[in-house]
Amino acid sequence: MDVHVVEHPLAAARLTVMRDERSDSVVFRAALHELTTLLVYEATRDIDAERFEIRTPVAATTGVRLANPPLLVPVLRAGLGMADAAHRLLPEATMGFVGLARDEETHEPRAYMESLPEDLTGRRVVVLDPMVATGGSLLRCCEMIAERGCTDISVVCVLAAPEGIRKLEESGLPLTVTTASVDEGLNEAAYIVPGLGDAGDRQFGHYRRF
Ligand SMILES: O=P(O)(O)OC[C@H]1O[C@H](OP(=O)(O)OP(=O)(O)O)[C@H](O)[C@@H]1O
Ligand SMILES: O=c1cc[nH]c(=O)[nH]1
Ligand SMILES: [Mg+2]
């Protein structure tokens, strides 16, 4: 499994804002939006493009367009903060939605929403979730996508823990991961260390849902 860590000072600076506990939700969401643009740019370097003929006001030339626009899948809630930035870069993309919430005690993901096209054969799917901690949530999401025939999944996240990367790798699913950092590991509550806290809470607030 390919893991691409985007090492760029602009990405590192946005990530630092997200890590900083002093950043409020407005600042946090803005940094996530900007960082997502950088990460999706890197994650789509190898996307299929086709050439076609156009005219500038001066001469005929060859242009480029996406051959097969991908499906974007933000994982609710936290991935919602990446959806708009990704969609701006890929305006031709369609969007599906998966809702997952980790149980606070067992850390197992609970699925509460699945809105995906029935057939994903031949499509690239770009999954957006800022955090890969134990990897359980992303694994569940990627299984839903692979069950629909997808063989080309790009996971775009902000932070990954080695434990989560390992779980995704062991799954044998056809995926690549693009991230701004692979952090040290997980604490006893399965939070990423040093991490940035709970990416959903930092954007949308903390409340009990189930
Ligand atoms: O790798 P894992 O151990 O599964 O943890 C990562 C998941 O945890 C967070 O979501 P959370 O369950 O907190 O839901 P939220 O986005 O609604 O806050 C995050 O956005 C991932 O989906
Ligand atoms: O560190 C973590 C782990 C899971 N989910 C988060 O939002 N943050
Ligand atoms: Mg959360």
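Reader: How many bridges join strand 8 to strand 10?

Author: This is a predicted model in which local features need pLDDT of at least 70, side-chain atom pairs count only at pLDDT 80 or more, and totals for chains, interfaces and linings use all residues. Residues are numbered from 1 along each chain as its sequence is written, while chains are lettered from A and ligands numbered from 1 in the order in which they are written. Strands (E, at least two residues) and helices (H or I, at least four) are DSSP runs numbered from the N terminus, and two strands pair if DSSP finds at least two bridges between them. Strand 8 (residues 125-128) and strand 10 run parallel, and the bridges joining them number four.

Reader: Which residue of strand 12 is the bridge partner of Val155?

Author: Val155 of strand 10 is also the bridge partner of Val127. Strand 10 runs parallel to strand 12 (residues 175-179), with four bridges between them. In strand 12, the partner of Val155 is Val177.

Reader: Are the faces of strand 10 buried or exposed?

Author: A residue is buried if 20 or more other C-beta atoms lie within 10 Å of its own, exposed if 12 or fewer, and partly exposed in between, with C-beta atoms placed from the backbone. In strand 10 (residues 153-156), Ile153 and Val155 lie on one side, Ser154 and Val156 on the other. Both faces are covered, and these four residues are all buried.

Reader: Why is one side of strand 9 and of strand 13 left without a neighbour in the sheet?

Author: Three strands form an open sheet in the order 9-11-13, with parallel pairing. Strand 9 and strand 13 (181-182) each have a single partner strand, so one side of each lacks a neighbour, because both stand at the edges.

Reader: Which residue in strand 11 stands opposite Val132?

Author: Strand 9 and strand 11 (residues 159-160) run parallel and are joined by two bridges. Opposite Val132 stands Ala160.

Reader: What arc do the buried residues of helix 5 cover?

Author: In helix 5 (residues 162-171), the buried residues are Gly164, Ile165 and Leu168. They lie on the same side of helix 5, because the arc they cover around the axis, taken from the directions from the helix axis to the C-beta atoms, is only 100°.

Reader: Which elements do the buried residues of helix 5 pack against?

Author: Contact requires C-beta atoms, placed from the backbone, within 7 Å. The buried residues of helix 5 pack against helix 4 and also against strand 1 (2-5), strand 9, strand 11, strand 12 and strand 13.

Reader: Which residues come nearest to ligand 1?

Author: A residue is near a molecule if its C-beta atom, placed from the backbone, lies within 6 Å of it. Strand 6 (97-102), strand 9 (131-132), helix 4 (136-147) and helix 6 (199-204) each give two or more residues to the shell around ligand 1. Of the 23 residues around ligand 1, the nearest are Ala78, Arg102, Thr134, Ser137 and Gly200.

Reader: How many residues in the shell around ligand 2 are nonpolar?

Author: Ala, Val, Leu, Ile, Met, Phe, Trp, Tyr, Cys and Pro count as nonpolar, Asp, Glu, Lys and Arg as charged, and the others, Gly among them, as polar. The residues surrounding ligand 2 include Met131, Tyr191 and Asp198. The shell has one charged and two polar residues, and the nonpolar ones number six.

How values were computed
Contact = placed C-beta atoms within 7 Å.
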